[in-house]
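Let's take a walk through a protein chain, stopping at a few spots along the way. Have the 3D view open and follow along.

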Amino acid sequence: MKRTQLACNKQHNIYKPSPPAILCKMKYIVVTGGVVSGLGKGVTISSMGRMLQGCGLRVTSIKIDPYLNVDAGTMSPFEHGETYVLNDGGETDLDLGNYERFLSISLTSDHNITTGKVYRKVIGKERRGDYLGKTVQVVPHITNEIQEWIEEVAYVPVDDQGNRHWDAVDENGVNAATPSSSADEKDVRVADVCLIEVGGTVGDIESSVFLEALRQFQFRVGPSNFCLTFVSLVPIMGEEQKTKPTQHGVRDLRSVGLSPTVIFCRCKEVLEESTKNKIASFCHVDGPSCVLSVHDVNNVYHVPLLLLEQKLHRILAEKLQLSSIPKLEGRLDLTMNGLEEKATMWNLCEGSVANEKVLAMLASGQEDLDTLGGISRSMIDWARMAFKLDGFHVSVKIVIVGKYTGLQDSYLSVIKSLKHASMAVERKLDLIWVEAGHLENDFEGDSGGEEEYKAAWEKMKSADGVVVPGGFGTRGFNGKVAAAKFCRENSVPYLGICLGFQAMVVEYSRNMLGWEDANSTEFDEETKNPVVIFMPEIDKENMGGTMRLGSRNTAFTHSKHDDGSPSIAQIMYKNASVVSERHRHRYEVNPERVDAIHDAGLKFVGRDETGTRMEIAELPRSKHPYYVGCQYHPEFKSRPLNPSPPFHGLLLAACGMIDDYASNSK
């Protein structure tokens, strides 16, 4: 096969080589699950990736969803949780959010493979005649398409922090193994390991085609480049850890030609040695060391440390022939009291640059860990964060006023962003849920609604801060407007996101400008004061993929308020003049009403690059400690060690720290 030169992927505007042009063969780690759904495959695969990053490897991730939907954009939050939006506008499964948050990477829509996408692509090829008259079948055409998709996407660069560059090669493969010493910004930075999560559980009819594709894929890439893992449940009944569900799950997996190298056992308690021995014996793995206990921990950030403690990195290094992976010397003791000492131990790796730096620093008596390389610094910060989080005792109460509170996964990224921000202010997050409809006056008058109405407002009155997230449909909108009014009048820190941003615009127009019927045309097309309108370029007929989606720039056009005070939103973004955030909406603030609202006091400090689309609104800090709304979704870019600025600002205000932070940011 001839090796190809670098090619530009126009869809994602990146440079990407075909797999043969890469020096190192990609390593694939697949995570499947059995027994029941919701065991935490996403957290497990993300933690595995974080562990590998701590060992100096670069990782990427793919999520396979067996449903027939092309993407998650048209799914109900009640049924599937939140729709996670990527930089390129892809509407995907919420697990891709776990990958991005844990691994600090930016994925593309192609990193979420669905049955709908695969079949649409194959049928498109058939209609064009690409199969040259062949009968198109599940095997080999669908399974081949899945394998090709995985191989292609695995080589898409997902971050810009890499330190490896490869020269392009000619058609004969010359210089295929030569690293570039003078690589420019367009050179390719690819991962060492591709993590693949198969959604659902083994045995589901809809996932069978993907398992068959992976069965073939293990031979396509070779055994030293493919590692299968299995996440299972070990329930406890009568104080005994039961292994039969895991045995049956592995049996189903082996019946389709796949045998796991590692079994992750979810259990409330630490897995007993006798349990590990039994599972290893009946499930065809190489000893009890390949049966890992993923028991309940204080917070999910301990899971990468838990896997590393059980030497998963050594198992993977042996299976995948990762000769470059640093091997910890086994001196990590999770019972140690000294946090800095414990964190430092993560970097005592044989033969690694990090190891040499740490040992040299320890020998010289230096304690400034900031001088370590990026990988070491990152892992130290991660360990510090995980253990420090356990020690927070002072609480901060944040109310989420939502429409889908019956399923908290509907707001997963919002919850994670609040947790990231609470860690930054060193407070224990106390989340309080309020159904938006329960705040409406009409709800109080309903039969049996009086108690829920009173309870909802009692929760609002106890809040240190309030978040009103996005949503669609008229139900509960007036409750969100009421929440915005309460926070504005009572100086309660407020963050409105998407629909929550539009709610604060509607509330301000009704109560401060006297436009009593002010509304969004989404809810009242006949209003005389349409302060929020349908965007003219949006398709009104088709629902899927037709919103204003993906990462777009917002410019701070009004950095100073009339009283001379700086924009608090811009302060939280470290005084940047332009920021990039992800969007998902069909409606916008009516450009014809912007000047009137702005002049009345609700300042539109951030706008799109044309200056006509409103992105950020706020009240000056002389009027309110923190009253901020944004049309975009800042929660999609929040990271554990780098919280989203609007959420960080909300928590600072809720804890009474915003003034000091603003003063120190000048």
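## A first stop: two loops

Start with E239, which sits in the loop between β10 (236-237) and β11 (240-241). E239 has a positive phi, near 65°, and is a residue other than glycine. Is E239 buried or exposed? E239 is exposed, with a relative accessible area of 77%. (Buried means under 20% relative accessible area, exposed over 50%, and partly exposed in between, with a 1.4 Å probe and protein chains only.)

H284 has a positive phi too, about 60°, although H284 is not a glycine. Look for H284 in the loop between α8 (273-282) and β13.

## What you're looking at

This is a predicted model, where local features need pLDDT of at least 70, side-chain atom pairs count only at pLDDT 80 or more, and totals for chains, interfaces and linings use all residues. Residues are numbered from 1 along each chain as its sequence is written, and side-chain values use heavy atoms, with hydrogens and water left out.

The chain has 22 helices and 25 strands. Of its 666 residues, 58% are buried. Now take contacts (heavy atoms within 4.5 Å) between residues at least 6 apart in sequence: 71% of them join residues at least 24 apart. The accessible surface comes to about 28,200 Å², and 47% of that belongs to carbon and sulfur atoms. Those areas come from the Shrake-Rupley method with a 1.4 Å probe; for residues, only the protein chains shown count as cover.

## Strand β9 and its neighbours

β9 is mostly covered, with seven of its eight residues buried. Which strands does β9 pair with? Two strands pair if DSSP finds at least two bridges between them. β3 and β9 pair in the parallel sense over six bridges, and β9 and β12 also pair in the parallel sense, over five bridges.

## Helix α10

Helix α10 covers residues 312-319, and its buried residues are L312, H313, I315, L316 and A317. Those residues pack against several elements, including β3 (27-33), β9 (226-233) and β12 (262-267), along with α1 (41-54).

## A cis bond and a buried serine

Next, find the peptide bond from V139 to P140: it is cis, with omega near 20°. P140 lies in helix α5 (residues 138-154).

S520 belongs to strand β18 (residues 519-520). S520 is buried, with a relative accessible area of 0%. Leaving out residues up to four places away in sequence, S520 touches V506, V532 and Y587.

## Empty space inside

Rolling a probe the size of a water molecule over the atoms shows where empty space is left. A cavity is a set of points, on a 1 Å grid over the protein atoms alone, where a 1.4 Å probe fits but cannot get out; lining residues have an atom within 4 Å of a point. Grid points are joined across faces, edges and corners, and a volume is the space filled by probe spheres set on the points.

How many cavities of 30 Å³ or more turn up in the whole structure? The search finds six. The largest has a volume of about 70 Å³, and among its lining residues are F472, C498, R586 and Y587. The lining divides into four nonpolar, three polar and two charged residues. (Ala, Val, Leu, Ile, Met, Phe, Trp, Tyr, Cys and Pro count as nonpolar, Asp, Glu, Lys and Arg as charged, and the others, Gly among them, as polar.)

Notes: Helices (H or I, at least four residues) and strands (E, at least two) are DSSP runs, numbered from the N terminus. On a 1 Å grid over the protein atoms alone, a cavity is a set of points where a 1.4 Å probe fits but cannot get out, and a pocket is an open set with protein on both sides within 12 Å along at least five of seven lines; lining residues have an atom within 4 Å of a point.
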